[in-house]
Amino acid sequence: MSGLLLLEDGSRYSGESVGAPGISYGEAVFTTSMTGYQETVTDPSYTGQIICFTAPMVGNYGVGPERCESDRAHASGVLMREARGPQWTRWLAERHIPALSGVDTRSLVLQLRERGAMRAALVTGQAALDEVMAGLSGFPSMAGTALVDRVSTPAPFVHARSGRARVAVLDLGCKRSLLGCLARAGAAVTVFPHRVEAARLARYDGVVLSNGPGDPAPLLHEIETVRALLGQVPVLGICLGHQLLALATGRQTFKLPFGHRGANHPVLARRSGRVLVTSQNHGFAVAADDDPAVSHISLYDGTVEGIELPELEALSYQFHPEAGPGPHDARSSIAAWVDALRPTRRRQALAQAA
Amino acid sequence: MIGQACEFDYAGSQALKVLRADGFRTIVVNSNPATIMTDPGFADATYIEPLDLDGVADVLGRERPDALLPTVGGQTALNLALELDEAGVLETLDVELIGASVDAIRRAEDRELFRDAVESVGLRVPASRIVGHLSELEGVSLPAVVRPAFTLGGHGGGFVETRAALERQVETGIFESRIGQVLVEESVRGWDEFELEVIRDRRDNVVVVCSIENLDPMGVHTGDSVTVAPQMTLSDDAYQQLRDAAAAVIRAVGVETGGSNIQFARNRETGELRVIEMNPRVSRSSALASKATGYPIAKVAAKLAVGYTLDEIPNDLTGTTPASFEPTLDYVVVKFPRFAFEKFPGSELALGTQMKSVGEAMGIGRTFAEAFLKAMRSRELDAGSPTPWPRLVSIPDGVHSWFVRELESVSAALQRVTCVEDLVSDDWLALKRLGLSDAEIGEQCGLTEQETRRKRRAWGVLPSFRRVDSCAGEVEAASNYLYSTWGEADEALPRSEPRRVVILGSGPNRIGQGIEFDYCCVHAAQSFRELGYEAVMVNCNPETVSTDYDTSDRLYFEPLQEEEVLAVCERERPDGVVIQFGGQTPLRLARAVEEAGYEVLGTPYGSIEVAEDRGRFGELLQRLNVRCPEWGVANDARQAATVADRIGYPVLVRPSFVLGGRSMRVCYSRREVEAAMRLGSEVPTLIDRFLEHALEIDVDALSDGRETYVAAIMQHVEEAGVHSGDSSCVLPPQSLRPDQAHEVAAIVRRLARGLGVVGLLNVQLAVSGDAVFVLEANPRASRTVPFASKATGVNLVAAACRLATGRRLRSLGLPAERPPDRVSVKAAVFPFARFPGSDPVLGPEMRSTGEVMASAADFPTAFGKAERAAGRPLPSTGTAFISVRDADKDAAVPIAAVLAGLGFRVVATAGTAGALARAGLAVERVEKVSEAAGGRSVLDLIRRGQCDLVVNTPQGSGARTDGHRIREAALAARIPCITTIEGSSAAVAAIAGSQSEVAVSLQEGIPSYAQTA
């Protein structure tokens, strides 16, 4: 069956449908990571997005349960130059993800690079294109859209029972790799829904603001939560969590033209002068303007990749130190954060409460 | 800086470029004249000197540089750096070793130190032990792999399954190793093999430039493997594990700045990992990785060595991102090795841990299969040549099932095509997207390539061109590096110059067509750019400078096949296509290019055809009143014998249209002629009168069609009968009288005019008595062009390009025709040691894979230096073994006399000993191999290291003759073994008459370089 990608500017890309049938809408974005297709599609941060893989062939090594970054697939659609089945394409179909193979992905990438990420519709089989186009123009654009509610856990759960320090994760669309990294670093990890009260989180030794999808600016409740935590408990923000930390401390965020998505982005750690090759997936970024708190910058476009607020015991990374997929260069920064947590804090807090 | 060969020429010239741009005074030492890096314009001082301790120490002493960069010059350079350090040269001269410290080099190269380093970061190498003696093999489990320390291309190593094989391999390996050690290790045969190209800077930042997956699993040397980049079969988790391991290893070994290649074996089922090897330097694989990704590893490594960090070096292709941005690929690259087994009859076709390929071709496509098929057909195999993986369907054992499925689906799709008429646009697109060529589709349907193409084009199915930009399109890149694919948009590039030329390269290196032609193509690109043209390069050899995107205005990395070349021409609409410089490869395409309506620049193709067609060439010679040896053409053995009888023996028998003298034989009788014809195929065969004891002369000349400039007259040291590519050659000629030289020049002028040459002309002549004969003429760049250019100081290619654009010879301002003051010798380098079983004797079939050059004030000194540079240093004293065929017995006397006079102990077998004794020489008789009993034969002498020089002219070549075994033993013992009388005379003269001489750079030696460079 043939399929079509329709972009909001009217341009079209054809392909062969290899996933689920149907029509889906989303923001068309591309990732340059050469490995980790399954991790990418199950990453909640891709909610509401149609992912174009620049990797020439996708699906080569099949699928495996250990490669899921969450309990389901989140991407609205998948575009590939050359899909390889049957495992991968069957997996997509079973998860109701429309997917096209044989797409001129490079042309699409060049177009998105030039004109910015766009709303798009992925259509398989026969469909009335004017209706699809109408649906497309009614689809909300990514800027201003809050998506966390769709991916955050409905109820708290424990990921790792024991550890040297107790860590609470504010789930904004958290990847399993992040939880795994925290646990391996020696933390006991509990995950909370995004609407949790700050007071519950503040009782932990440290709070992680997870990654997640969408625009950070409309997440007023979560921003308030972060503001309440600052100074109370050490905070580590990752990706969307990083953006929330920035917003909570009076900084601004903005939408990047087509985002950073890949596994090869170099980031300069300003203090050490070291370069980290990082995994990235974000469409929004923190505005810098000579901010002394900026600890990491992108060597690709100079945007903010990390902030450090020692007086508030808070730091955050725009990139993904937990990888999954991507290089492990920055994983040690999560371990270092866990190591620095003072397990006594909880007892002090309990004592004070009593 | 020290350099080596093709891929290292690419690395070296890149490094020179950036270091000079940074304001460093650069000095290059390399013995290979066919390299771009040794061009006088590339460095501030260029020394074409032997790459041995003395040669390099000499240069260092003269130049007193601040630092030595050995990491872009391959294993030779690294070994030399260690030798220089051990000898205290670096310390005495206060030269800093940059790129890799001595400690790091040792940790990477010494097996035990390497194992310790790897284990210190929690990784494993295959279980192993170091063996320096056969007695230490107790308890080794089989199968095992034997790897000698410090050798080129895994030289002297191998996979063994039996006890006897183990002992044999260990013995050779110990011999081959510079430190007399081999490693006997756990066999990981059948595991998957991966390589990572890693770069580290002085701040400990590490990036992985490229992952490479080998199709042939462990057990086949990676140089002989079909490889693919990026890796295709590993999940992110598995790949990141390799990435982490690679970073840990480069840190543990302590390569502080620069690139390394790290090889891993990975068990396909269990995921177990072993670190196999690390090269703490730019390697063959890194040249491939550079071309595969567009990331210039050698350039970056050189900048890191002088103190930059990865975030400070910009990426050339994007201009905006730094070198710390790891390349990401939106295409697939496949490398195919090019073998030359047909040249080494008697050697086994099997691949192992010892590298046997002589070149490589790379294909780029949007899918694995597309890239694979492009690389496969880029090999340009001669019909019927034995090679591993000859066709798509002949998939070797052990290849990962993913690749097998991909390739089988292509075969299946091709099988389904029965009639081209049935195909509609979508079918064509589907077939082309699989990577199938018009020729392959046509063959399936019994149609010619051209007819097939016509059908396809009628459906509007045309290729599109994509850029290699190192970032999968994420960053805007002004990249000029392109490849073709199907069914996609074309990335149009602005054409800045109104005029442009397409230069066809020389494809994969092979015997008879190597780096010399790449040198010519690179110069052609430079010259046309200087002349105001856009230079567009088409080539598929990843090792070369011509496929560096810096060399031309646009680089099309494409197979040098009719289909792809015409597609490039159609897109570029060039003012001319340049076919003179890439050897035979472009010539094969010339007719198609002309028929498609493009102009061939310079000498028209018709002239080339005249020169190649013996009949027409013979008529031309007659018309010009130029002599050639009598000849005839035969189609079978009977005809051949008749022709040979007519023209008289000995005769030279050779198939027409061949490269490097393939299947050429000298025959002394009717019986031999018939035998030679049976070896060859059905192609028309040329039979020439073979001129014995003639002086062979090679001339490189330039012509504008009217006037001719005889740039270089060279004399072959070995006489006609040894292939010109294998013969040593000297410029100016040492035994040509002025009147003979004058006549040679006059003949060349007549020929140039008669052929209508516009550009380069190479003529081979034989001088016998007072007569001068023309053997052949090639109106194009020859193998000797780089040597001749460097020896005379005239850039022949630059001049030829100017002529091709219509300039007159006299407007070029060339220096007067006159032999240079210094004597230059070119000597061939042979790969015999890689092909056990094949006879290392020189003959009409070319077998050398490289060349070296040396210059000095006199011939003996230059010859001695050239032999040193070729890795065959002549002894100054010791024992010389002489055994010559009957015809050479008289000529052997003066050679033996000089040796005896120099204090050599002369030993000989019965016949030769008798002849020498009769001439009054003191000679010891030694037994022939076949007469030997009890360890008294010459073989034992050689094996025990009691012989320093072997002179052995063959009675007849062939398997297991005495001579063959002697030559093989000498080869294994690394004793100079000379198989011709002329070569022996030159060697003896060199031993007797070599002067010690201070190294002189090209720039000092030849003042005219100042003008032409």
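Which residue of β29(B) is the bridge partner of A701(B)? In this predicted model, the bridge partner of A701(B) in β29(B) is L761(B). The two strands concerned, β26 (residues 695-704) and β29 (residues 758-768) of chain B, run antiparallel and are joined by 10 bridges.

Both strands belong to an open sheet of seven strands in chain B, whose order is β30-β29-β26-β27-β28-β31-β32 and whose pairing is antiparallel. The edges of this sheet are formed by β30 (771-778) and β32 (850-856) of chain B, each of which pairs on one side only. Averaged over the sheet and with direction ignored, neighbouring strands are turned by 25° against each other. Helix α24 (residues 785-792) of chain B packs on the sheet, where it touches β26, β27 (708-716), β28 (729-731), β29, β31 (823-829) and β32 of chain B. The direction of α24(B) makes about 105° with that of β27(B).

A contact between two helices is found elsewhere in the chain. The axes of helix α11 (residues 368-378) and helix α12 (residues 401-416), both of chain B, come within 10 Å and cross at roughly 75°; α11(B) is therefore roughly perpendicular to α12(B), since angles of 65 to 115 degrees are counted in that class. On the side of α11(B), the residues involved are F368(B), A369(B) and F372(B), and these meet E406(B), L407(B) and V410(B) in α12(B).

Methods
Residues are numbered from 1 along each chain as its sequence is written. Chains are lettered from A and ligands numbered from 1 in the order in which they are written. This is a predicted model: local features need pLDDT of at least 70, side-chain atom pairs count only at pLDDT 80 or more; totals for chains, interfaces and linings use all residues. Axes are lines fitted to C-alpha atoms, for helices over the stretch in contact, and angles run from 0 to 180 degrees between N-to-C directions. Helices (H or I, at least four residues) and strands (E, at least two) are DSSP runs, numbered from the N terminus. Angles under 35 degrees count as roughly parallel, over 145 as roughly antiparallel, 65 to 115 as roughly perpendicular and the rest as oblique. Two residues are in contact if their C-beta atoms, placed from the backbone, lie within 7 Å. Two strands pair if DSSP finds at least two bridges between them.
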